[in-house]
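Work through the exercises below with the sequence and the coordinates open. Each task is followed by a solution in steps.

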Amino acid sequence: MQAPDHPRSTAALFGHPLHPMLVPFPIVCFVGALLTDIAYAQTTFIMWSNFSAWLITAGLATGALAGLLGLADYVGSRSVRRRRAAPWHMGINIVVMLLELINILVHSRDGWTSVVPEGLALSAISVALLLVSGWLGQHLVYRHGVGVAR
């Protein structure tokens, strides 16, 4: 039975919150894009630039779905909205998605300028922001019990 002070996830399937199930996909895609950007900057093999563009695109698609489910949890529970970390977590994730949207436009250029320096910088900034957002997300789950039955 869930304690009353631990908010339930609004977007859940059979009692399992959907947002945390989908969040790893965009994270892996955006970290992978940073790694392939670094590989491209080191080798200039165009394949790495293509991999980056594919990873960013997949990250944007899965991030949008995870974001919508996270927004449903945020809007659907006053208890979640009262947690100080929640709007920061959401805001940072929105910034990451906007940066990656710009990043895919940068990666659509031809050759060296598709990655170096702007694409690489955008990927690095996004991954750094994801570290902060991830810390805030785990704070919501492990300290405040958001979406967790205890």
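The model is predicted: local features need pLDDT of at least 70, side-chain atom pairs count only at pLDDT 80 or more, and totals for chains, interfaces and linings use all residues. Residues are numbered from 1 along each chain as its sequence is written, and side-chain values use heavy atoms, with hydrogens and water left out.

**Exercise 1. Describe the fold of the chain.**

Step 1. Assign helices (DSSP H or I, at least four residues) and strands (E, at least two), numbered from the N terminus. The chain has 6 helices and 2 strands, in the order β-β-α-α-α-α-α-α.

Step 2. Take the extent along the principal axes: the C-alpha atoms fill a box of roughly 55 × 25 × 20 Å.

Step 3. Classify accessibility, where buried means under 20% relative accessible area, exposed over 50% and partly exposed in between (1.4 Å probe, protein chains only). Of the 150 residues, 41% are buried.

Step 4. Count contacts (heavy atoms within 4.5 Å). Among those with a separation of 6 or more, 72% join residues 24 or more positions apart.

**Exercise 2. Characterise the aromatic pairs.**

Step 1. Rings of Phe, Tyr and Trp (its six-membered ring) pair if their centres lie within 6.5 Å; planes under 30 degrees apart count as stacked, over 60 as edge-to-face and the rest as tilted. The structure holds 3 such pairs.

Step 2. The ring centres of Y40 and W112 are 5.8 Å apart with planes at 40°, so this pair is tilted. The pair links distant parts of the chain, with Y40 in α2 and W112 in the loop between α5 and α6, 72 residues apart. Y40 is buried at 4% relative accessible area, whereas W112 is partly exposed at 40%.

Step 3. F51 and W54 form a tilted pair, with 5.6 Å centre to centre and 50° between the planes. Both lie in α3, 3 residues apart, about one turn of the helix. F51 is partly exposed at 30% and W54 is exposed at 57%.

Step 4. Ring pairs link W48, F51 and W54 into a cluster.

**Exercise 3. Which residues of the largest pocket lie nearest its centre, and which helix gives the most to its lining?**

Step 1. A pocket is an open set of points on a 1 Å grid over the protein atoms alone, where a 1.4 Å probe fits, with protein on both sides within 12 Å along at least five of seven lines; lining residues have an atom within 4 Å of a point. The largest pocket holds about 890 Å³.

Step 2. Its lining has 36 residues, and H19, V23, G70, H89 and N93 lie nearest the centre.

Step 3. α3 gives the most to the lining, with 9 residues.

How values were computed
Grid points are joined across faces, edges and corners, and a volume is the space filled by probe spheres set on the points.
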